Every structure is written in C-alpha cells, then in structure tokens.
Amino acid sequence: MIFDRNEKKEVIALLGAGSMGTAIVRRIAAGKKILLGDISEKNLERVSHDFQYSGYDAETMVVNALEKGSVEAFAEKAAALGDVMYFIDTAGASPNQAKPEHILALDMVGTGYAVDAFGKVMAKGGAGLIISSQTGYMFPIPNEIELEILNTPTEKLMDLPFIRETAMQGSGIAYMIAKRVNHLQAQKAAATTWKERRARINTISPGVIVTPLAYDEFAAAGEGYQKMVDSSAAERCGTSDEIAEAGAFLLGEHAGFITGTDLLIDGGVIASIRTGVYKLQG
Ligand SMILES: NC(=O)c1ccc[n+]([C@@H]2O[C@H](COP(=O)([O-])OP(=O)(O)OC[C@H]3O[C@@H](n4cnc5c(N)ncnc54)[C@H](O)[C@@H]3O)[C@@H](O)[C@H]2O)c1
C-alpha cells in the first residue's frame with residue numbers, strides 16, 4: 001500500500017505529544033512529515049498508531065525535554081527529515097502534578113532548550129508555537145526583572161535570584177512564572193535567533209482546557225477552579241480543538257505578520273480576574 005508518493009515533505013516537529021499538541025498537529029499535517037517527541041514511549045505508540053490510521057505520516061522519538069542534549073538531538077532529527085517548517089512545544093507539567101523545581105525545569109528551562117535548539121534548524125518561512133497558559137497573566141513580574149530574564153541564557157535562568165527566591169515558593173507560583181517566562185522566550189527568539197532564520201514564533205496561553213492535565217488540576221483544586229471557570233464570560237472550560245484552531249492560524253501563512261506575541265484563549269477568565277469579578281485565591 002502506498003498512500004502518498006511524495007518524498008520531499010515539510011516537517012512538523014511536536015515536543016509533547018499530548019492532547020493539545022496532537023490536536024494542533026492534526027489541523028496542519030496533511031501531506032507533511034510529522035516527528036513526534038515525548039518522554040512517554042507508551043504515549044508515542046498510541047498517538048503514532050492513531051495518526052497512521054488517520055492518513056498521517058508520523059515518526060516518533062523518545063525525548064526528555066528536561067535534557068538539553070535530548071532536545072538538541074530531537075531538533076537535529078527533525079532537520080534530517082527535511083525542511084522544518086513547524087515546531088510546536090506542549091511538553092509541560094501543571095502545579096498539582098509536580099514540585100516547583102520540576103515545573104521550572106520543564107515548563108521554563110525545557111521550553112528554553114527547545115526554543116534554542118529549533119532556533120538553529122527552522123527553515124525560512126517556518127513557524128513555532130509554544131503552549132504557555134493563562135496563568136502567565138496571573139502573577140505580574142516587575143519590568144526590570146523581565147528585562148533580566150530576557151538577557152539571561154536558558155542555562156542560567158534557574159540561578160536568577162527572582163527564580164530561586166520567589167518562583168521556588170510553591171508549585172502554583174512556579175507555574176505562573178514559568179508560563180510568563182514562555183512569553184518572554186518567544187519574544188526574545190522572535191527578535192534574535194528565529195528572526196535570523198526568517199522564522200516566526202508565538203505563544204498561546206490557554207485557559208482551562210479539558211485534558212488529562214486539567215482532570216488532575218480539578219481533582220486537586222476543584223472548588224476554586226470551578227468558581228474561576230463559572231465566573232468567566234464563557235462559563236465553561238475549553239477544548240483542545242479550540243486551541244488547535246487558533247494554533248493552526250498562528251502557524252499558517254495568514255499569520256505571516258505575527259511573531260513574538262501571545263494569544264490568550266481563556267473564555268474570559270483573565271478579564272474577570274482583572275476586573276475583580278473573580279478574586280484569585282491564595
Ligand atoms: N490542560 C489545560 O487546562 C492547560 C491549560 C493551560 C496550559 N496548559 C499547558 O499546555 C501544555 C500541554 O498540556 P495538555 O493539557 O495537552 O497536557 P498533556 O498531559 O496531554 O500533554 C503534555 C505532554 O507532555 C509530555 N511530557 C511531560 N514531561 C515531558 C518531558 N520531560 N519530556 C517530553 N515530554 C514530556 C507528556 O508525556 C504529555 O504527552 C502544557 O505545557 C500545559 O502546562 C494546559
């Protein structure tokens with residue numbers, strides 16, 4: 001059986017083959033080559049089987065986003081497959097899944113490794129997307145500290161006094177800070193390494209999206225979470241497909257003038273917090 005005779009295909013690399021990542025990839029993957037990277041071999045097997053039987057051409061690689069060398073090998077493998085036109089990073093852990101050290105190492109430093117590594121291999125006209133979070137809007141970082149973060153290499157982020165003293169206080173605060181840092185990482189790359197390759201990079205900050213990760217959050221912080229969602233304009237959680245719709249737009253040619261920015265997709269949660277309609281607890 002030969003379903004597709006094309007040999008030279010554009011490459012899509014997905015780091016973190018979870019709910020949102022795979023939904024985004026399915027929107028853009030017809031006729032392209034997909035490289036799926038995840039720490040979980042079981043997850044990779046399941047997703048690549050689904051993709052294969054839905055007409056997509058996918059390869060897998062076990063990648064640990066916590067390890068710079070592993071992420072670099074992933075980027076190199078993507079480049080060996082063809083022109084890397086799309087990179088999507090959704091590898092992350094949420095506050096109730098991990099300790100602050102792990103959240104910062106994965107959601108902040110790991111994302112930095114990926115942005116750096118793909119900043120060396122993206123093809124001209126390519127686009128990247130980092131999945132941040134609405135929580136990136138919940139704990140404003142003073143401007144001078146943001147400038148310090150922007151000027152700090154990925155390997156040194158954990159050494160910053162603000163990260164060591166403030167972000168390490170708890171998993172919730174670590175997550176908020178890591179997700180804000182994702183916005184800064186995209187800004188920095190858009191203006192420097194990715195710009196030099198004529199590639200764009202943006203973030204999406206989703207609100208509560210019903211995925212296994214959101215089940216974990218609801219199980220641990222149910223009542224506050226429920227009130228936050230109920231107070232929002234949408235009065236509901238979101239779906240991975242709604243994130244995928246916006247992701248496909250940001251990765252596509254109609255978004256050619258959009259780089260270094262964040263798109264908040266939260267059903268109005270941050271609007272209700274900023275206007276005092278909902279008071280954030282803790
Ligand atoms: N679901 C939500 O409500 C929500 C809201 C806002 C932001 N987010 C963020 O969106 C991203 C994706 O979340 P999701 O809901 O699709 O979750 P998910 O659990 O379905 O996907 C995350 C994937 O990352 C992988 N992963 C974890 N650690 C890894 C590592 N060290 N190396 C490589 N891969 C690793 C997991 O195996 C999983 O496949 C995360 O960064 C999360 O913080 C989620």
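This is a predicted model: local features need pLDDT of at least 70, side-chain atom pairs count only at pLDDT 80 or more; totals for chains, interfaces and linings use all residues.
## Overall dimensions and composition

The protein chain contains 11 helices and seven strands. Along the principal axes, its C-alpha atoms occupy a box of roughly 55 × 40 × 35 Å. A compact globule of 282 residues would have a radius of gyration near 19 Å, and the 18 Å of the protein chain agrees with this.

Of the 282 residues, 46% count as buried.

The seven strands form an open sheet, ordered β3-β2-β1-β4-β5-β6-β7, and the pairing is parallel. The edges are formed by β3 (57-62) and β7 (262-265), each of which pairs on one side only. On average, neighbouring strands of this sheet are turned by 15 degrees against each other, with direction ignored.

Strand β1 (residues 11-15) pairs with strand β4 (residues 84-89) in the parallel sense over five bridges. Within this pair, Leu14 has Ile88 of β4 as its bridge partner.

## Strand β6 and its neighbours

Parallel pairing joins β5 and β6 over five bridges; here the bridge partner of Gly128 is Ile201 in β6. On the other pairing, β6 and β7 are joined in the parallel sense over four bridges, and Pro206 stands opposite Ile265 in β7.

How many residues of β6 are buried? Seven of the seven are, so the strand is largely enclosed by the rest of the structure.

## Helix packing

Helix α7 (residues 171-191) lies across β5 (122-131), β6 (200-206) and β7, and runs at about 165 degrees to β6.

A helix-to-helix contact involves α3 (residues 68-81) and α4 (residues 100-118), whose axes come within 9 Å and cross at roughly 35 degrees. The crossing of α3 past α4 is right-handed. On the α3 side the contact is made by Lys68, Val71, Glu72 and Ala75, and on the α4 side by Tyr113, Ala114, Ala117 and Phe118. Classified by residue type, this contact of α3 with α4 has six nonpolar, no polar and two charged residues.

## Positive phi angles outside glycine

Arg198 is not a glycine, yet has a positive phi of about 60 degrees. Arg198 is placed in the loop between α8 (193-196) and β6. Is Arg198 buried or exposed? Arg198 is exposed, because 11 other C-beta atoms lie within 10 Å and the cut-off for an exposed residue is 12 or fewer.

Glu235, likewise a residue other than glycine, has a positive phi near 55 degrees. Glu235 lies in the loop between α9 (212-231) and α10 (240-251). With 10 C-beta neighbours inside 10 Å, Glu235 also counts as exposed.

Technical notes. Residues are numbered from 1 along each chain as its sequence is written. Axes are lines fitted to C-alpha atoms, for helices over the stretch in contact, and angles run from 0 to 180 degrees between N-to-C directions. Helices (H or I, at least four residues) and strands (E, at least two) are DSSP runs, numbered from the N terminus. A crossing is left-handed if the near helix is turned anticlockwise from the far one by less than a right angle, and right-handed if clockwise. Two residues are in contact if their C-beta atoms, placed from the backbone, lie within 7 Å. Ala, Val, Leu, Ile, Met, Phe, Trp, Tyr, Cys and Pro count as nonpolar, Asp, Glu, Lys and Arg as charged, and the others, Gly among them, as polar. The radius of gyration is taken over C-alpha atoms; the globule rule is 2.2 Å times the number of residues to the power 0.38. A residue is buried if 20 or more other C-beta atoms lie within 10 Å of its own, exposed if 12 or fewer, and partly exposed in between; C-beta atoms are placed from the backbone. Two strands pair if DSSP finds at least two bridges between them.
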